[in-house]
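Please read the points below beside the sequence and the model, going back to the picture after each one.

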Amino acid sequence: MSGFDHEQVVVHTGSRSGLPVIVAVHSTALGQAVGGCRIWHYPDWRDGLTDALRLSAGMTAKCAVAGLDNGGGKTVVAVPEGVDLDPVRRRHALHDVADVIASLDGRYATGPDVGTSPADMAVIGERTPHVFCRPARQAGSGDSSPHTATGTLAALRAVGRRLHGTPSLTRRRLAVVGLGNVGEKLVRLLAAEGAELLVGDIDPGKRALADEVGATWGDPARVVTADVDILVPAALGGVLTEEIVPDLRCAAVAGPANNQLTVQAVAGLLHRRGIIWVPDYVAGAGGVIHALTVELNGGTADEALTRVQGIEDTVGTLLATAERTGTTPAQAASELTRLRLRAAAASHRSR
Ligand code: PHE
């Protein structure tokens, strides 16, 4: 069993919604913990807790590797299977989330995630200021998904350079699994660049997007194991299982979906097969980089874009470090995280 290393986890029954609200603060060593609010169905609330624990630790690494002075946290509202939230109960759930965040007194701030939108952030903002990505008319930085897509494109360029010596993705074969908020925007960017695209989603209605941009449509299971240059996981986590690794036919995997590996050991299995894996928390950092640059640091849209595009250099450095030291990009990224957290702890002690 691995040790519990979260600073604080609040599990609370929402007084209005009656739903389990879980807020996991993994680390504030680098600064205020940040991480989105996920409203999702789980067979058991404990599955939501597991998700919150892993996702919040991922946010600590996401911020550390991106060079942000923030820690990691995550909120999960665990909706029981078969329960559909009507607008009133949804609003209640968001106010329940806001009250838990307010009780943390600035140690944690939230943002949008799977199942929530900028409009939902405005509802949370009715009860706490610790929320990012409200719509622009409510003084927020708005939807983070276009920026996550831009950052993923930057990560893919670094992978392209490593595989083919050039960051151009024109005529490269990419397989994108998941056409949600981020996946759709990414597919549009890749199509505009002239990439050869194979795409899939569990929702057959997304086929229209494939037709529109000239991508080949496939069943998600088939897309994952397709013979391509880069596999891009852009849906919910857990696509990379120990069982799937022998069937993969891509040269690299890089995408924005959080928690891509079902178990950490998969990173080693991919490495042994010679498949490059860019950690999800590195490739998917564009949204949080943009929101914090604009809302916390008062940066302009151009400054935020430059920082998001910096993901290309970050990934390039991780790939080079991994090659030089005979490790994986995942180990290089977790070493970078460890060093940043250690330096923060040391400067804290000397204060
Ligand atoms: N939910 C997104 C992520 O996982 C984006 C985000 C989180 C944006 C927190 C702003 C603040 O990174």
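1. A polar contact here is a pair of N or O atoms within 3.5 Å; within protein, one must be able to donate a hydrogen and the other to accept it, and residues adjacent in sequence count only if both atoms are side-chain atoms. With that in mind, an N or O atom in the side chain of N258 lies 3.4 Å from an oxygen atom of the ligand. The protein covers 95% of the 320 Å² of accessible area that the ligand has on its own, where accessible areas come from the Shrake-Rupley method with a 1.4 Å probe and, for residues, only the protein chains shown count as cover.

2. Please keep in mind that this is a predicted model, in which local features need pLDDT of at least 70 and side-chain atom pairs count only at pLDDT 80 or more, while totals for chains, interfaces and linings use all residues. Residues are numbered from 1 along each chain as its sequence is written, and side-chain values use heavy atoms, with hydrogens and water left out.

3. Which residues surround the ligand? Counting a residue as near when one of its heavy atoms lies within 4 Å, the shell consists of G35, G36, M59, K62, K74, G111, P112, D113, C133, N258, V288 and A291. By class, five of these are nonpolar, four polar and three charged; Ala, Val, Leu, Ile, Met, Phe, Trp, Tyr, Cys and Pro count as nonpolar, Asp, Glu, Lys and Arg as charged, and the others, Gly among them, as polar.

4. Leaving out residues up to four places away in sequence, G73 touches A24, V25, H26, A33, V34, G35, S56, M59 and Y108, a contact being heavy atoms within 4.5 Å. G73 and Q8 are 65 residues apart in sequence, yet their C-alpha atoms are 9.4 Å apart in space.

5. Most residues other than glycine have a negative phi, and most peptide bonds are trans. C133, in the loop between α3 (118-124) and α4 (145-164), has a positive phi near 70°, and at 2% relative accessibility C133 counts as buried. N259, in the loop between β10 (252-253) and α8, has a positive phi near 60° and is also buried, at 14% relative accessibility. N259 is touched by D51, a residue of helix α1 that is buried at 17% and also touches R38 and Y42.

6. Helix α4 has 20 residues and reaches 28 Å from its first C-alpha to its last, close to the 28 Å expected at 1.5 Å a residue; the expected span is 1.5 Å times one less than the number of residues. Its buried residues include S145, T148, A149 and T152. S145 has 5% relative accessibility and touches N181, V182 and K185, apart from residues up to four places away in sequence. Just after α4, G165 takes a positive phi of about 80°.

7. Helix α13 (residues 329-349) has 21 residues, and its end C-alpha atoms are 30 Å apart, which agrees with the 30 Å that it should span. The buried residues of α13 are P329, A330, A332, A333, T337 and A344, and what covers them includes α1 (45-66), α8 (265-272) and α12 (311-325).

8. Finally, L296, in the loop between α10 and α11 (301-309), is partly exposed because its relative accessible area is 42%. Apart from neighbours within four places in sequence, L296 is in contact with N70, F132 and A291. L296 and F132 are 164 residues apart in sequence and 9.1 Å apart in space, C-alpha to C-alpha.

Technical notes
Helices (H or I, at least four residues) and strands (E, at least two) are DSSP runs, numbered from the N terminus. Buried means under 20% relative accessible area, exposed over 50%, partly exposed in between (1.4 Å probe, protein chains only).
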